[in-house]
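Let's take a walk through this protein model, one piece at a time. Have the sequence and the 3D view open as you read.

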Amino acid sequence: MQPPKDYIFNHKGFNFQPDLVTAEYIDSLEDFEIRDSDVFLVTFPKSGTVWTQNILSLIYHEGHRDGTEDTDLMDRVPWLEYNIRSMDYISRPSPRLFAAHLPYYLVPKGLRNKRAKVIYVARNPKDVLVSYYHFTRMAVKFETAENFDDFMERFLAGEVLASSWLDHVEGWYAHKGDFNILFLTYEEMKKDLRNSVLKICTFLGKKLTEDELQAVVDKATFDKMRVDPRANYEHMPADILDQDKGRFLRKGTIGDWKNIMTVAQSERFDSVFKERLQNLPLKFCWDINEDLPS
Ligand code: A3P
């Protein structure tokens, strides 16, 4: 299905933001040279990207951890497909950290050699939808939906940036055997941040002292990140994010969908998602008071 509006453009079945990337650049990523030490954070938008970007930066950069360096996350863990700051990725020192919303089939082919590491963070899709809806209000170049109902229909049809949530998560999960990949959920990070940071460190082969680990966990909490300009995207260019229209770190919880979705909307959502969601081996937690699925 072709997205109806020009605030997104579709390339090879995936929706991108037109003013930030070209089809040629996306195609060139296929041959982007991968190093063993590269770490890629992959998400569908609104699934905990900035959160995990911050965790990675805190793990790798002492100056971020101890607060002596005032470097934006965008410069620590830049977007592969949206090179907003026109950085020279090729000459970046190792270990390079990248974020991406790309589907599994558009990432550099070198990632499939299982040497570089991929961390995929997924979030329950009703909270993704609600977070995304609020985000469209502050994202200057996005078309703001008339109302939540309209946006939900677009989301369900995959007519948003990064296309269909189901396709994205299913695709990455189905191809996990091709990558050296760790799957995490937003919900497990929220319920047990320390354990999630430990999982990430183990996956990356990073050994932190107890004090360093504690500093990472402490600085990656929602309340700390919200007031940390390096980590809350308040330095994003004003022509991309209008900080008067909302905050990137909005609520940071599990189950906020219940505050906006009506019973009818939730049922409509379920009618489209239920079957494929049930078949997805990744299981989600839908409420802050719910236990994590085992
Ligand atoms: P909400 O809009 O529900 O608050 P992304 O970075 O992928 O765009 O995701 C943004 C979502 O992650 C927002 O969700 C934001 O508040 C949440 N988030 C960011 N940092 C967080 C943290 N430290 N703890 C919990 N949620 C966080």
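## A cap on helix 7

Start at serine 164, which caps the N-terminal end of helix 7: one of its side-chain oxygens sits 3.2 Å from the backbone nitrogen of leucine 166. That pair is a polar contact, meaning N or O atoms within 3.5 Å; within protein, one must be able to donate a hydrogen and the other to accept it, and residues adjacent in sequence count only if both atoms are side-chain atoms. Helices here are DSSP runs of H or I with at least four residues, strands are runs of E with at least two, and both are numbered from the N terminus.

Helix 7 covers residues 165–174 and is mostly covered, with 7 of its 10 residues buried. Buried means under 20% relative accessible area, exposed means over 50%, and partly exposed is in between (1.4 Å probe, protein chains only). The buried ones are Trp165, Leu166, His168, Val169, Gly171, Trp172 and Tyr173.

## Where the model comes from

This is a predicted model, so local features need pLDDT of at least 70 and side-chain atom pairs count only at pLDDT 80 or more, while totals for chains, interfaces and linings use all residues. Residues are numbered from 1 along each chain as its sequence is written, and side-chain values use heavy atoms, with hydrogens and water left out.

## The whole protein

Zooming out, the protein has 12 helices and 6 strands. Its radius of gyration is 18 Å, close to the 19 Å that the globule rule gives for 294 residues, so it is as compact as a globular protein of that length. (The radius is taken over C-alpha atoms, and the rule is 2.2 Å times the number of residues to the power 0.38.) Of the 294 residues, 54% count as buried.

The largest nonpolar core has 102 residues, and Ile55, Ile119, Phe155 and Trp165 have the most contacts inside it. Such a core is a set of buried Ala, Val, Leu, Ile, Met, Phe, Trp, Tyr and Cys residues joined through side-chain atoms within 4.5 Å.

## Helix 9 and its buried face

Which residues of helix 9 are buried? They are Leu193, Ser196, Val197, Ile200, Cys201, Phe203 and Leu204. Seen down the axis of helix 9, these fall within an arc of 165°, so they line one face of the helix. (The arc is that of the directions from the helix axis to the C-beta atoms.) An α-helix has 3.6 residues a turn, so residues three or four places apart point the same way.

What does this buried set pack against? The partners are strand 3, helix 2, strand 5, strand 6, helix 8 and helix 10. Isoleucine 55 is in contact with Leu193, Val197 and Ile200, among others; contact means heavy atoms within 4.5 Å.

## Threonine 49

Threonine 49 is in helix 2, residues 49–60. Is threonine 49 buried or exposed? It's buried, with a relative accessible area of 8%. Its side chain makes a polar contact with the side chain of threonine 43, at 2.9 Å.

Lysine 46, in the loop between strand 3 and helix 2, has a positive phi of about 70° although it is not a glycine. Lysine 114 lies in the loop between strand 4 and strand 5, and its phi is also positive, near 65°. Lysine 46 counts as buried at 10% relative accessibility, whereas lysine 114 is partly exposed at 44%.

One more to find: the peptide bond from serine 94 to proline 95 is cis, with omega near -5°.
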